[in-house]
Amino acid sequence: MPGFETLTVALIVWIALVILAAGVIQGALGLGFPTLATPLIAVATDIRTAIIVVLLPCLASVLLNTFKGVPVRQVLARFWPMPLYMVVGAWIGTRIFIAYPEFPFALLLAGAILIYLNLDRLGHTDWPIVQAHEKTFGFVFGMIAGVSEGATNVAAPALIVYYLAVGVQPTLMVQALNICFVMGKTTQFITFATVGDVTVTQWLVTLPLALVAVAGSLYGIRIRDRIDAATYRRWLRGALFAIALILCAQFLYSL
């Protein structure tokens, strides 16, 4: 990925606007930053460059979200293994992406989201077995989310399905999601930095975008503070559908 000095002014403005919008979405919903930013930047560059450009701004946004709500210790008291599963899964997923960058991981994820939403529409997403075996399914969904994070840059769908299934309230869910995102993004960054052939300079040129992401997230958090639990859940389902459409569009564009 070249430094900013080789990019056109129009492209720099486009990337900054995308990062700002993604920050607002992340702040409002507690998720969605890489899902929105990655394909929109990839349209003007390529998927690998887009993932690298988005990574540190996304990490800054999720860190902000993590410490702007329910105390972290309250979330970890119940869901402390989930970030660990994300670390392992994200390492596996990133290695898979580096080895097989052309495999249609995004299309597989989009299909799984649409299946889940259809089940939800039919009223078949009340799974007592998940509530009865919360820790076992936490491992399953946490690993799936981690692999998805590393391979497609999107971890939210598997985590949302799990946290909704075990009945987590919106304020706690936002924190639980972002703690997992922090671990997944950090692992993704370390893996790229060590085996992904990304230089220190290439990471440094994305740091100004982290400030843009934080500014957008602060505004998004103000929006989230004004909505009720029912509205938040509707927005989550809408976000899942939007994620599926974006992933499908991203795959079609790559063809």
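Predicted model: local features only at pLDDT ≥ 70, side-chain atom pairs only at ≥ 80, totals over all residues.
1. A pocket, on a 1 Å grid over the protein atoms alone, is an open set of points where a 1.4 Å probe fits, with protein on both sides within 12 Å along at least five of seven lines.

2. Have a look at its lining (residues with an atom within 4 Å of a point). There are 23 lining residues, and Ile 47, Pro 101, Gln 250, Phe 251 and Ser 254 are the closest to the centre of the largest pocket. By class, 17 are nonpolar, four polar and two charged (Ala, Val, Leu, Ile, Met, Phe, Trp, Tyr, Cys and Pro count as nonpolar, Asp, Glu, Lys and Arg as charged, the others as polar).

3. Which helix (a DSSP run of H or I, at least four residues) gives the most to this lining? It is α13, with five residues.

4. Next, follow α5 (residues 81-99) and α8 (residues 134-152): their axes, lines fitted to C-alpha atoms over the stretch in contact (heavy atoms within 4.5 Å), come within 6 Å and cross at roughly 35°. Among the residues that meet are Gly 89 and Gly 93 in α5, and Gly 142 and Gly 146 in α8.

5. Helix α10 (residues 170-195) has 26 residues, so at 1.5 Å a residue it should span 38 Å, and its end C-alpha atoms, 37 Å apart, agree. The expected span is 1.5 Å times one less than the number of residues. After α10 comes Asp 197, with a positive phi near 60°.

6. A reading tip: residues are numbered from 1 along each chain as its sequence is written. Local features need pLDDT of at least 70, side-chain atom pairs count only at pLDDT 80 or more, totals for chains, interfaces and linings use all residues, and side-chain values use heavy atoms, with hydrogens and water left out.

Conventions. Axes fitted to C-alpha atoms, helices over the stretch in contact; angles between N-to-C directions. Helix = DSSP H or I, 4+ residues; strand = E, 2+ residues; numbered from the N terminus.
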